[in-house]
Amino acid sequence: MTEPQRKMILDWMRKIHQLEYAHRFESLKWEKRRYITGILAFSISTIIAFSFKFPKVEPETLELLPAFLHHNYFIAIASFIVAMLTGYQTFTKPNEKALTHKNTGSSYEKLRHRIEFVLTTEFQEWELKKRIEMIKEEWEGLDAINVSKKYFDEGKKKVQSFNKYPKELDFLQDVKE
C-alpha cells in the first residue's frame, strides 16, 4: 500500500468514525426527548385524572388565587399541555429517529472495522484496489440521514482526541506551479 493510499483510507476512516459518533449522539438526544415528553405527558394526565379529588376551595380563598389555578382553568390548561406533548411524540417520532440514528451509527462502525482490516493486512495490489473500491461503494450506499451540527462537531472532537488520524485531506498531494 502506498503512503497516499494509506492516508486516503485513514481519512475515510476518520470521517466515518466522526459520523459514527455523531449518529450515536443524535440517537441519545432523540431517546432522551422521547423519555422526557412521555414522562411529562404521563405526569400531567395523572394529575388531571386525580384533579377531581382536590378539596373544594372556599369562594373567599378562590378570589385570592390567580385565575389559572381555578379548577376549571387548571383542567383546560393541563389538558392542552398533554395534547401538545402527545402530538409532539406522534408527529416527531423521537423513538423512531433514535433507532434510525443508532442503526446508522452501527453501519458506520462496521465500515470502519472493514477499513481497519484493510489497513492492518497485507494485500496484493489488485486485491487492495478491489477492497478499496468495495469500501467506497459501501460507504456511498450508507443511509445519508442528517445529524445536527452540534453532534457532528462533538463527534469530530471525540475522534480528534484519539490522535490517531492524519490531518484532514492530508492524502492529497500539493499541486505546485
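Reply: Rings of Phe, Tyr and Trp, the last taken by its six-membered ring, count as a pair if their centres lie within 6.5 Å. In this predicted model, the structure holds four aromatic pairs. A pair of aromatic rings is described by the distance of the centres and the angle of the planes.

One of the pairs joins phenylalanine 25 and tyrosine 151, whose ring centres are 6.4 Å apart and whose planes meet at 40°, so this pair is classed as tilted. The two partners come from distant parts of the chain, since phenylalanine 25 belongs to helix H1 (residues 3-50) and tyrosine 151 to helix H6 (residues 149-160), 126 residues apart. Tyrosine 151 has a relative accessible area of 12%, and because buried means under 20%, it counts as buried. Both rings also belong to one aromatic cluster, formed by Tyr21, Phe25, Tyr151 and Phe162.

Another pair is made by phenylalanine 117 and phenylalanine 123, with centres 5.9 Å apart and planes at 70°; planes over 60 degrees apart count as edge-to-face, so that is the name for this pair. Here phenylalanine 123 is buried at 16% relative accessible area, whereas phenylalanine 117 is partly exposed at 41%.

Charged side chains come next, and one of them involves a ring: arginine 33 lies over the face of tryptophan 30, at 4.8 Å from the ring centre. Charged groups can also meet each other, and the count comes to 10 salt bridges. Among them is the bridge between lysine 29 and glutamate 26, with 2.7 Å from N to O. These two residues are three apart in helix H1, which means that about one helical turn separates them. Lysine 29 is buried at 17% relative accessibility, and glutamate 26 is buried with a relative accessible area of 4%.

In helix H4 (residues 94-120), glutamate 116 and arginine 112 are four residues apart, so about one helical turn lies between them, and their side chains form a salt bridge at 3.0 Å, N to O. Arginine 112 is buried at 8% relative accessibility, while glutamate 116 is partly exposed at 22%.

Glutamate 127, at 24%, is partly exposed, as is arginine 131, at 28%.

Terms used:
Residues numbered from 1 in each chain as written. Predicted model: local features only at pLDDT ≥ 70, side-chain atom pairs only at ≥ 80, totals over all residues. Heavy atoms only, no water. Phe/Tyr/Trp six-rings, centres within 6.5 Å; stacked < 30°, edge-to-face > 60°. Buried < 20%, exposed > 50% of the residue type's maximum accessible area, 1.4 Å probe, protein only. Lys NZ or Arg CZ within 6 Å of the ring centre and 35° of its normal. Salt bridge = Lys/Arg side-chain N within 4 Å of Asp/Glu carboxyl O.
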